[in-house]
Amino acid sequence: PPVDVALLDLCAKGAGCPLWALLGGRCRHEVPVYDSSVHFEDLVEPGAGVEAVAERARDAVQRGFGTVKVRVGRGYRWMPWPDSTDRDVEACRAVRKAVGPDVSIIVDASCGYAGYVEDAADFFAEVGDDGIGFATDMVALSEIGALRRALACRGIRLPLAAAPVLESPAVAEALLAHGTPDILETSPAQTGVVQWLQIARTAAARGAQVTCRSNGSHVGLHTGLHLATVAPHCAICEYPDVSYPDSLRSETVVHCGRVCAPSEPGLGIRAIDPRRG
C-alpha cells in the first residue's frame with residue numbers, strides 16, 4: 001500500500017490514538033459495511049444451481065450483514081447470451097428470497113454488460129430496483145450515461161457506481177464533471193490516506209458519494225473504516241471474507257450491518273505472539 005498508510009499508522013500508535021483521531025475526528029460511531037463473499041457459486045457447483053448463491057447470501061446475513069453484494073454479468077465470459085442474463089436475474093431473485101425484504105443488495109457486474117446497455121437495463125426491469133442500494137460497474141465508464149437513460153425509459157431510478165483506477169483527484173474531477181457516476185468506489189489501500197481524502201472531497205463537491213473497497217486486504221479494510229469514520233459522504237465499506245492470520249488480531253465485529261469505529265491505536269490491527277495467544 002502507499003507509504004502514508006504505514007506512516008500514519010505509526011504516528012497514531014505513537015500518539016496512542018486511533019488513526020481517525022489524527023484525521024479530524026469522527027462524524028459517526030459506526031460504519032456501515034457490506035459482505036462481498038457472494039460470487040458465481042452456481043457455476044462452481046452446477047448441480048446446486050442458484051440456491052448455492054442464495055445460501056452464501058443467507059450465511060452473510062446470519063453473520064450480521066445488512067447489505068450483500070451480488071455478482072452478475074455471467075455473459076462476459078462464463079455463459080452464452082441471453083441465457084446469462086436470465087441466470088443473473090434468477091440468482092438475484094433467489095438471493096432476495098433468501099435474505100428477505102430488509103437486506104440491501106449491491107449489484108456488481110465487473111463491467112460484464114459492457115456493450116450491452118439495453119440488456120443491463122432489461123436485467124433491472126426484471127429484477128426491480130426495490131431494495132437495491134446501488135449497481136456498480138454494470139457497463140463501461142463511457143456507457144454509464146446511456147445506461148441511466150435506458151433505466152429512466154423503464155421508470156427505474158437507481159444510483160450507478162463505478163470503480164475506475166483513480167490516480168488522482170484530477171482524474172476523479174474529470175470523471176464526475178460529466179455527471180457520472182453517482183458513486184465512486186475507491187480502494188484506500190491503493191490510493192493512500194491523503195489522496196483518498198482529496199478524492200472524497202472532490203466527489204462530495206460534485207454531489208457524489210464514495211465507498212471503500214478492501215480488495216481482500218486487512219489493511220484495506222481497516223484503512224477504509226477509519227476514513228469512513230471521518231467522511232460523512234462515504235456510503236459504505238467492503239468487509240472482505242478473509243480470516244486474520246494467527247499473528248494478527250482485530251477488534252472489528254459486524255453487528256446489524258455495521259462495525260464500531262476502531263478505538264485501538266493506529267489502524268487497530270495488533271500483532272501478537274501466537275505462542276502467547
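Let's start in the strands: Thr211 stands opposite Ile236, a residue of strand E8. Strands and helices here are DSSP runs numbered from the N terminus, a strand (E) having at least two residues and a helix (H or I) at least four. E8 covers residues 234–239 and pairs with E7 in the parallel sense, over three bridges; two strands count as paired if DSSP finds at least two bridges between them. To get from E7 to E8, the chain crosses through helix H11 (residues 218–230), and this β-α-β crossover is right-handed. Right-handed means that, with the strands pointing away from the viewer, the path from the first strand over the helix to the second runs clockwise.

Before going on, a word about what you're looking at: this is a predicted model, in which local features need pLDDT of at least 70 and side-chain atom pairs count only at pLDDT 80 or more, while totals for chains, interfaces and linings use all residues. Residues are numbered from 1 along each chain as its sequence is written, and side-chain values use heavy atoms, with hydrogens and water left out.

Now look at helix H10, residues 193–205. Its 13 residues reach 18 Å from first C-alpha to last, close to the 18 Å expected at 1.5 Å a residue; that expected span is 1.5 Å times one less than the number of residues. Several of its residues are buried, among them Trp196, Leu197, Ile199 and Ala200. Buried means under 20% relative accessible area, exposed means over 50%, and partly exposed is in between, using a 1.4 Å probe and protein chains only. Just after H10 comes Gly207, with a positive phi of about 75 degrees.

Helix H5 is next. H5 has 17 residues and reaches 24 Å from its first C-alpha to its last, close to the 24 Å expected. Its buried residues include Ser84, Asp88, Val89, Ala91, Cys92 and Val95. An α-helix has 3.6 residues a turn, so residues three or four places apart point the same way. What covers the buried residues of H5 includes helix H4 (51–62), strand E2 (67–71), strand E3 (104–108) and helix H6 (117–127). After H5 comes Gly100, which has a positive phi, near 85 degrees.

Thr85 is buried, with a relative accessible area of 9%. Leaving aside residues up to four places away in sequence, Thr85 touches Tyr113, Asp119 and Phe123, where contact means heavy atoms within 4.5 Å.

Two of those names come back among the aromatic rings. The structure holds seven aromatic pairs. Rings of Phe, Tyr and Trp (its six-membered ring) pair if their centres lie within 6.5 Å; planes under 30 degrees apart count as stacked, over 60 as edge-to-face and the rest as tilted. Trp81 and Tyr116 are stacked, at 4.2 Å centre to centre and 15 degrees between the planes. This pair links distant parts of the chain, 35 residues apart: Trp81 lies in the loop between E2 and H5, Tyr116 in the loop between E3 and H6. Trp81 is partly exposed at 26% relative accessible area, and Tyr116 is partly exposed at 36%. The rings of Tyr113 and Phe123 have centres 6.2 Å apart and planes at 40 degrees, so this pair is tilted. Both Tyr113 and Phe123 are buried. Finally, ring pairs link Trp81, Tyr113, Tyr116, Phe123 and Phe124 into a cluster.
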